[in-house]
2 protein chains.
Amino acid sequence: MKTKDRIIHGALTLFNQNGERNITTNHIAAHLEISPGNLYYHFRNKEEIINGIFDNYAQELKVRFKPMAKEEQSTMPSVQIMLSYLDSIFELMWNYRFFYANLPDILSRDEALKLKYVKAQAALNDNLIAIMNGFRDSGLIALKDDELKSLTKTLHIVASCWINYQTALLSDKEITENSIYQGMLQMLNVVRPIATEQGRVQILELEAHYQSRVSASN
Amino acid sequence: MKTKDRIIHGALTLFNQNGERNITTNHIAAHLEISPGNLYYHFRNKEEIINGIFDNYAQELKVRFKPMAKEEQSTMPSVQIMLSYLDSIFELMWNYRFFYANLPDILSRDEALKLKYVKAQAALNDNLIAIMNGFRDSGLIALKDDELKSLTKTLHIVASCWINYQTALLSDKEITENSIYQGMLQMLNVVRPIATEQGRVQILELEAHYQSRVSASN
């Protein structure tokens with residue numbers, strides 16, 4: 001791995017473990033056993049490292065939430081498609097949890113990053129609506145266009161805010177995989193009462209799947 | 001008004017206008033035209049003032065989201081009951097917007113405040129479930145117990161996170177009454193697809209009400 005990528009990965013690990021506020025560029029250099037000068041050769045400051053992490057995150061958002069082509073969708077059981085998207089949400093929330101935990105604060109310090117964030121979210125929103133449209137075409141949900149849009153937004157709010165919401169309510173501040181699995185369950189719970197009978201069966205299957213993850217990690 | 005209450009009110013105004021991070025006890029004293037010494041006589045530091053604000057907020061949560069007695073509920077049209085709760089959510093989000101905007105950060109600095117928050121939220125949660133039960137008894141929604149609980153949680157997430165979610169997405173950081181009215185609409189949108197026919201009519205009525213507020217403030 002190139003030094004530049006090692007710095008981005010090392011910083012991400014430390015931010016997730018200790019909170020971004022508690023980590024300086026010196027901590028990152030020490031963690032990677034490189035000199036601060038070497039780090040500064042690649043990144044002028046911590047904000048630039050955060051931008052590097054964000055670019056990876058935005059790239060993952062783009063790839064993981066690309067709507068499927070119609071032909072592709074028809075060859076795959078819809079429960080498996082749902083599972084793959086939910087697992088993607090889990091991966092992003094877990095791997096970038098420092099970002100979810102302190103989003104307003106991080107964005108408020110860097111106007112350019114905020115613009116990148118807004119742009120990435122707009123592209124994501126279009127993709128999410130296309131994905132939800134796919135589930136409607138597969139007969140899992142039966143909603144009008146405006147209701148589908150609104151459901152997509154609700155799911156996006158739950159995913160974006162879950163870590164924040166949980167952190168505020170937990171006396172132990174540490175985010176665990178367990179608490180993120182509970183977020184997946186909450187999203188499934190949002191959809192279940194408005195799913196079709198066929199959709200409901202598949203959602204219950206997915207709920208059992210994530211429930212077993214929660215139990216296993218307790 | 002007593003000096004102590006004036007300080008709490010003045011601080012709340014300044015926090016909401018400028019963000020809590022940008023306001024010191026000196027700003028608060030200057031705003032109220034009192035000496036810093038006078039302020040310190042009542043509050044040892046900014047955290048104590050924030051605690052004072054929080055106590056008022058928790059008291060409002062308790063009073064505003066008290067479930068209605070059965071007899072009381074039967075004498076009032078349910079659309080009016082819903083409107084009164086939604087207006088309460090609006091008032092709290094608007095009047096304490098600095099708190100919603102930076103909750104994880106504020107709580108992370110004060111362990112005692114965090115405990116108070118967790119306790120207030122647990123009491124609120126019980127009340128919200130009782131309120132939603134009342135709407136089920138009135139025939140507005142038809143959900144099983146676990147679905148009702150989960151719907152209540154989703155609404156709580158949307159209300160708790162709305163300001164945060166909006167702030168991250170808006171290029172202009174300022175929270176306006178308009179953006180909070182849009183939060184009311186999002187909450188109504190969550191409920192609409194799972195409402196009964198009777199409930200749906202009332203929700204559409206409330207959506208029109210808040211939609212007109214949004215248009216009026218544009």
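This is a predicted model: local features need pLDDT of at least 70, side-chain atom pairs count only at pLDDT 80 or more; totals for chains, interfaces and linings use all residues.
Which residues does A:Tyr117 touch, not counting residues up to four places away in sequence? I will start with that residue, and the answer is A:Leu107 and B:Ala168, where touching, or being in contact, means that the C-beta atoms of two residues, placed from the backbone, lie within 7 Å.

Residues are numbered from 1 along each chain as its sequence is written, and chains are lettered from A and ligands numbered from 1 in the order in which they are written.

A:Tyr117 sits in helix 9 (residues 111–137) of chain A, and helices here are DSSP runs of H or I with at least four residues, strands being E runs of at least two, numbered from the N terminus. Because 20 other C-beta atoms lie within 10 Å, A:Tyr117 is buried; the rule is that a residue with 20 or more such neighbours within 10 Å is buried, one with 12 or fewer is exposed, and one in between is partly exposed, with C-beta atoms placed from the backbone.

Let me turn to where the two chains meet. On chain B, 31 residues are in contact with 31 residues of chain A. The elements of chain B that each give two or more residues to this side are helix 8 (103–108), helix 9 (111–137), helix 10 (145–169) and helix 11 (177–191), and helix 10 of chain B gives the most, with 13 residues. Sorted by class, this side of chain B has 16 nonpolar, 10 polar and five charged residues, where Ala, Val, Leu, Ile, Met, Phe, Trp, Tyr, Cys and Pro count as nonpolar, Asp, Glu, Lys and Arg as charged, and the others, Gly among them, as polar.

B:Val158 has contacts in both chains, for it touches A:Thr154, A:Ile157, B:Gly183, B:Gln186, B:Met187 and B:Val190, again leaving out residues up to four places away in sequence.

Next, consider a pair of helices inside chain B. The axes of helix 4 (residues 46–64) and helix 9 of chain B come within 10 Å and cross at roughly 5 degrees, the axes being lines fitted to C-alpha atoms over the stretch in contact, with angles from 0 to 180 degrees between N-to-C directions. These two helices of chain B are therefore roughly parallel to each other, a label for angles under 35 degrees, whereas over 145 is roughly antiparallel, 65 to 115 roughly perpendicular and the rest oblique. Among the residues making the contact are B:Phe54 and B:Leu61 of helix 4 and B:Ala120 and B:Leu124 of helix 9 of chain B, and by class the contact has eight nonpolar, one polar and two charged residues.

A:Glu33 lies in the loop between helix 2 (25–32) and helix 3 (36–42) of chain A, and A:Glu33 has a positive phi of about 55 degrees although it is not a glycine. A:Glu33 is exposed, because 7 other C-beta atoms lie within 10 Å.
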